[in-house]
Each structure stands twice: as structure tokens, then as C-alpha cells.
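User: Please walk me through how to read helix packing, cores and chain contacts.

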Amino acid sequence: MIFLGAIAVPLLLISTALATQGLWLVLPFAGLELAALFTALYLVSHAAQRCQVVSIGDAVVTIEKGRDRGNCGDKGGPEERFEFARGWVKVELAEATGRWYPPKLWVGASGRRVEIAEFLAEDEKVELAAELHRLLSA
Amino acid sequence: MSTATATHDDHHDHGPAKGLMRWVTTTNHKDIGTLYLLFALVMFFVGGAMAMVIRAELFQPGLQVVDPQFFNSMTTVHALVMIFGAVMPAFTGLANWLIPMMIGAPDMALPRMNNFSFWILPFAFSLLLSTFFMAGGGPAAGWTLYPPLSLQMGDGFPFMIFAIHLAGISSIMGSINIVVTILNMRAPGMTLMKMPLFVWTWLITAYLLIATMPVLAGAVTMLLTDKFAGTSFFSAAGGGDPVMYQHIFWFFGHPEVYILILPAFGIISAIVPTFARKPLFGYSSMVYATASIAFLSFIVWAHHMFTVGMPVVGELFFMYATMMIAVPTGVKVFNWVSTMWKGAMTFETPMLFAVGFIMMFTIGGFSGLMLAIAPADFQYHDTYFVVAHFHYVLVTGAIYSIMAATYYWLPKWTGNMYDEKLGKLHFWISTVSVNVLFFPQHFLGLAGMPRRIPDYSVQFTDWNVVSSIGGFVFGVSQLMFVWIIVKAIRGGEKASDQVWEGADGLEWTLPSPPPYHTFTEAPQVK
């Protein structure tokens with residue numbers, strides 16, 4: 001936010017000053033650009049903290065989704081938490097159906113399922129699915 | 001209990017796609033860095049060819065090679081191509097290659113946007129160069145595009161404006177990506193004051209770009225509407241003011257000058273400590289000096305317009321503000337020299353270019369100080385003295401730093417050492433010829449030869465002959481640079497991971513060449 005402010009204040013000041021001189025066309029470009037910068041900063045900082053933990057216990061498989069990097073529930077616990085009976089857990093990997101439709105990885109049981117690892121690349125999802133299969137059958 | 005944690009860091013190495021589409025669709029920072037650098041190299045030769053036309057025409061007085069309109073197009077497009085097509089993309093290419101590796105990030109923050117921001121550029125410059133084949137020819141009003149002269153351009157005018165917009169969009173997207181990467185994707189422990197200076201200088205450069213590009217976009221759009229939509233932003237006949245265009249342009253243009261040199265400061269700050277085998281002297285002061293230069297760049301724009309007419313108070317303000325820039329710049333030069341002081345120095349090619357940069361950039365800085373003196377500027381303004389000044393800053397400054405960076409990091413990028421003998425030969429031929437090319441232009445300017453003219457009075461002949469000979473030798477000698485790069489890409493002595501004994505930084509902890517995906521697990525920085 002400090003960086004955004006350090007850019008926005010001088011840019012809006014000069015754009016407004018120019019607009020008062022009749023040169024108003026700088027202002028919309030400044031607005032568009034600041035909006036793009038804010039969106040990029042927000043999206044990346046938001047996405048960079050995403051975290052998911054799949055815990056495989058003796059009886060229960062727990063999926064926690066949160067935002068604190070390194071520990072998905074550091075401040076007030078995870079945002080979402082799902083529990084499934086281990087004996088019934090199924091790991092499903094739906095293959096990519098086209099260039100714009102990447103594979104999806106679900107974990108679920110008893111009619112409920114949760115998509116995990118949405119942010120991983122295709123081959124990484126395949127590897128994770130194999131790893132989960134291995135751990136669940138151990 | 002077994003635990004599988006899925007985070008962004010859970011990457012596994014897989015190589016690039018095959019074929020041409022790898023380069024079209026790539027989102028890998030190293031691929032995109034390579035594309036930027038190759039594009040910049042091509043544009044360097046396109047802009048260089050235009051410089052050869054200029055120097056051929058100026059070899060003798062009288063009109064020899066091209067007609068005056070085409071000559072003016074050459075000076076205009078040479079500048080646009082070199083600034084927006086060669087130097088800026090080269091620095092962006094270096095940023096793409098190096099920033100993620102220097103801060104321990106797996107890639108740039110917005111890889112798809114990274115791809116778009118590169119691929120806009122070939123279209124932008126094809127559009128700009130296509131104006132040569134349109135009725136009325138290419139832009140010929142100087143890179144500043146002052147109205148009303150620029151509005152007299154032929155059919156190519158809207159295409160040129162669109163090309164500038166596209167290049168600007170590319171720069172903004174590149175800058176946003178760099179800012180977001182640096183602020184959000186540093187490895188644990190990599191605090192701001194532990195970042196390499198190249199990263200710092202790029203963060204501040206990106207700040208300047210984002211803060212000034214809308215001003216350029218607005219200015220050229222108002223030119224467009226003045227020509228085609230009946231507005232009178234800059235037309236005195238309609239109540240507008242052409243001088244306001246100059247104010248707006250230079251409010252963008254002067255920070256642009258620092259956009260072209262700040263990353264160079266970062267490069268030199270990486271190379272000098274390596275070959276002096278000492279840590280950089282005054283790291284914090286380097287950071288603060290860079291930030292000071294960025295701040296001052298916003299309040300000095302009218303020193304380009306001393307002769308246009310402004311109140312004496314205004315002239316004094318802009319004169320003193322401009323002179324103040326010498327202080328943080330002097331801090332930098334002092335720190336580089338202090339780093340070298342009593343160091344165990346060796347002079348491999350990157351160091352030669354870095355030392356050449358320090359000496360010749362300082363010459364350009366001093367002539368800049370001369371130009372900052374408002375009463376003296378009335379004599380120097382629009383003469384070849386100005387041409388000599390900014391070429392010392394941009395060629396022996398910005399371009400020398402890019403060449404230094406290429407030699408310094410090429411072994412890391414390719415895994416092969418470049419030919420050191422050829423590299424040194426390239427440096428010495430370039431350095432002798434570039435001084436033969438540009439130093440006499442100081443004399444020509446002081447004697448009163450105006451810039452942007454295809455013909456001149458006979459008393460200017462001798463130094464123009466000397467300058468042109470220097471230009472031809474410098475131009476041809478750059479083919480050596482290409483050959484050295486090609487040779488290193490094709491093979492040669494294998495480079496170690498460390499490459500240079502005194503090198504320090506995360507990029508040197510990676511193999512040479514680095515794998516397609518690096519830092520899949522974030523390194524810990526102490």
C-alpha cells in the first residue's frame with residue numbers, strides 16, 4: 001500500500017494539475033494504470049498466501065484451506081476445513097478436456113468431495129494424486 | 001499422521017516445450033528474458049543502421065546520401081528505436097532473467113502478462129517502421145514529437161502514435177510485473193535492504209515508469225485528437241498552447257532518462273565488487289542515492305526548455321534542482337571508486353566495460369552539469385554539444401552497462417564461458433571508436449553546429465569526418481559482440497556454477513546454465 005500510495009499521490013496530483021489546465025486526457029490513463037497496478041498487487045499478494053494441507057490420520061483425512069503461508073491456520077485457524085472417513089476416501093483426477101480446461105483433483109467420500117491443488121500445474125497435480133494414493137493405501 | 005502440503009512451492013522440474021511455439025506461448029521468465037534480449041539486439045542494429053545513414057550523410061557538407069526529410073526521419077526513428085526498442089527492452093530482459101534468480105523466486109509474479117508484454121513489442125515496432133512505406137514517410141519531428149511540426153506528418157502519424165501506445169503498454173505491464181514480483185515473491189529472509197542493487201534500481205525504475213507513462217500516453221493521444229478530432233490542446237489558433245506539450249512531454253521525458261540509466265547503476269554495482277573482490281562500499285547510500293535521483297527526476301523537466309521562455313525564477317529553480325542531481329550521482333561514482341580502492345582487482349571483459357562506464361558516464365554527467373547552467377544553455381541548446389552529452393550517457397552509459405551485464409551473466413545463462421580475448425578486443429575497439437565518434441561532437445556543438453540537420457557549414461567538416469569514421473568503426477565492431485554471444489551459446493569452456501571467484505548473490509548458487517525452473521523451494525537468506 002505504501003508503494004501504491006507513493007505512485008498514486010504524485011501521479012494523481014500531476015494529472016489533476018494538467019486537467020485544470022485543460023489537458024484532461026492524462027487523467028484517464030493515470031486512473032487506468034493505477035487500477036491495473038492495484039489489481040496486480042492485490043491478486044498476487046492474495047494468491048501468494050494460499051495454502052492447503054491434507055492430513056491423513058489413522059481414521060480421518062482432513063483438508064484445511066487457508067491463507068497463512070507455511071501454516072494454513074496460523075491466525076484463527078484455517079478458512080475452510082473438511083473431514084472424511086479415511087476408509088472411504090477417494091482421490092479423483094479428472095483429466096484435462098482441452099487446452100483451456102486443466103485437470104482437476106478432488107478428494108472426497110460419502111457423496112461429498114473437495115477440489116484441492118487448484119493452483120498447481122498439470123503434471124504437479126498428477127504427481128500429487130499419485131502421492132495421495134500411495135499414502136492412503138499405506 | 002502423514003501430511004501432504006500443497007503450496008506454490010511444490011514444483012517439479014520439467015523442461016520447455018519444443019519448437020517455435022515454445023517461444024510464442026512461453027511464460028517462463030528465462031525464455032521471456034531471452035526474447036527481450038534478442039529483440040533488443042535486433043533493434044540495436046536497426047537503430048544502428050539508421051545512425052550509419054546519419055553519419056554517412058554528415059561525412060561531408062552538402063547533401064550526399066539522403067534527402068533532408070528522410071534524414072530527419074532517420075534522427076527521429078533512430079532515437080525512438082534505440083530508447084523504446086533497444087535499451088528499455090534490454091533492461092527488461094535482464095530484469096526477467098535476473099530478478100527472480102536474485103530474490104529466490106520461482107518465476108515472475110504474472111507470467112502470462114509477462115508473455116503479452118513481450119509479444120506486443122514486435123508489433124509495435126513493425127508498425128513504427130512501416131510508416132517509412134506510407135505516404136509522407138516516417139516521423140521526422142524528432143523523438144520529442146513537438147507540435148505543430150509533428151502534426152504535419154503524413155499518413156503514418158496515427159500508426160506512429162499507436163506504436164508508441166503499444167510500446168508504453170508493454171513497458172507498463174513489464175513494470176507492474178517487476179514491482180509485484182519484488183514486493184510479493186522475495187525468498188524468506190530477503191528483506192528490502194538485503195536485495196541486490198540491480199533489484200533495487202529496477203524497483204525504482206519501475207516506479208518511475210508507472211508514474212510517468214500515463215503522461216506520455218495522454219500527451220500523444222492529445223496530439224492525435226488535435227490532428228483528427230478537431231481539438232486544440234496544443235494549437236494556439238484554437239486557444240491551446242504548444243508549449244504545454246513540451247512541459248508534458250518532458251515531465252515524462254526526464255524521468256525516462258533515469259529509466260534508461262538506473263538499472264545500469266544496479267549492474268555496475270554488481271560487477272565492480274565481483275572484480276574488486278570487496279563488498280560494495282556504501283550499500284545503503286546507494287539505495288538512498290537511487291531514490292533521491294528518482295525524486296529529483298520529477299522536478300527538473302524544464303531544463304530541456306530553458307530557451308523556450310520562462311520566468312527567471314523558474315529558470316533558477318530548474319537550474320539548481322538539476323545541479324542537485326550531481327550529488328546522489330556523485331555518491332554512486334564515489335562508492336564505485338571506493339569499492340575498487342585497494343581491491344584485488346582483475347580486468348575481465350565485464351569489469352573493463354564497467355570501468356569504461358564509470359569513466360565515460362562521468363564525462364556525460366559533467367557535460368550535463370554544463371547544460372544545467374541556464375545562461376550557458378542558451379549557447380549549447382540544440383547544438384551537437386547536447387548530442388555528445390546524451391550519447392555519452394546513453395551509449396557509454398546505458399549500452400556499456402548492458403554489454404557489461406551480458407559478458408558478466410552470459411556464462412551463467414549459457415553454461416559456457418565467452419571468448420575472453422575477443423571480449424577484450426571488442427571492448428577496446430568499441431571504447432576507442434566511441435570516443436572518436438562522440439568526443440568531437442562536443443567541439444562541433446561549442447562551435448555552433450546545430451543538431452538534426454543534414455547539411456552544415458564547411459568549417460564543421462573536419463570533426464564531422466572524424467566523428468563519422470568513429471561511427472563506422474563502432475558500428476562494425478558491434479558485429480563482434482554478436483559473434484561472441486553466438487560462439488558462447490554454441491559451446492566453449494564450461495562455466496562453473498560460481499563463474500566468477502568474487503561473485504556474490506543467489507543466482508550464483510544455481511547451476512550454469514540454470515534449470516528451466518529454479519528455486520522450486522524458496523532458499524533461506526541469512
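User: At roughly what angle do the axes of H7(B) and helix H9 of chain B cross?

Analyst: This is a predicted model, in which local features need pLDDT of at least 70 and side-chain atom pairs count only at pLDDT 80 or more, while totals for chains, interfaces and linings use all residues. Residues are numbered from 1 along each chain as its sequence is written, and chains are lettered from A and ligands numbered from 1 in the order in which they are written. Helices (H or I, at least four residues) and strands (E, at least two) are DSSP runs, numbered from the N terminus. Axes are lines fitted to C-alpha atoms, for helices over the stretch in contact, and angles run from 0 to 180 degrees between N-to-C directions. Here the axes of H7(B) and H9(B) (residues 283-297) cross at roughly 160° and come within 9 Å. That makes H7(B) roughly antiparallel to H9(B). Angles under 35 degrees count as roughly parallel, over 145 as roughly antiparallel, 65 to 115 as roughly perpendicular and the rest as oblique.

User: Which hand does the crossing of H7(B) and H9(B) have, and which residues meet?

Analyst: A crossing is left-handed if the near helix is turned anticlockwise from the far one by less than a right angle, and right-handed if clockwise. The crossing of H7(B) and H9(B) is right-handed. B:His254, B:Pro255 and B:Tyr258 of H7(B) meet B:Ile293, B:Ala294 and B:Ser297 of H9(B); two residues are in contact if their C-beta atoms, placed from the backbone, lie within 7 Å.

User: How does helix H4 of chain B pack with helix H2 of chain B, and at what angle does H3(B) cross H4(B)?

Analyst: H2(B) (residues 29-57) and H4(B) (residues 111-130) pack at about 15°, with axes 10 Å apart. That makes H2(B) roughly parallel to H4(B). H2(B) passes H4(B) in a left-handed crossing. By class, this contact of H2(B) with H4(B) has 9 nonpolar, 3 polar and no charged residues. Ala, Val, Leu, Ile, Met, Phe, Trp, Tyr, Cys and Pro count as nonpolar, Asp, Glu, Lys and Arg as charged, and the others, Gly among them, as polar.

For H3(B) (residues 68-103) and H4(B), the axes cross at roughly 165° and come within 12 Å. That makes H3(B) roughly antiparallel to H4(B). The crossing of H3(B) and H4(B) is left-handed. B:Leu121 and B:Phe125 are among the H4(B) residues that meet H2(B), and they are also among those in contact with H3(B).

User: Which residues touch the most other members of the largest nonpolar core?

Analyst: A nonpolar core is a set of buried Ala, Val, Leu, Ile, Met, Phe, Trp, Tyr and Cys residues joined through C-beta atoms within 7 Å. A residue is buried if 20 or more other C-beta atoms lie within 10 Å of its own, exposed if 12 or fewer, and partly exposed in between. The largest core has 181 residues, and B:Ile271 and B:Ala404 are among those that touch the most other members. Leaving aside neighbours within four places in sequence, B:Ile271 contacts B:Pro350, B:Met351, B:Ala354, B:Ala404 and B:Tyr408.

User: How many residues of chain B are in contact with chain A?

Analyst: The contact involves 36 residues of chain B and 41 residues of chain A. H6(B) gives the most to the chain B side, with 10 residues. That side divides into 24 nonpolar, 11 polar and 1 charged.
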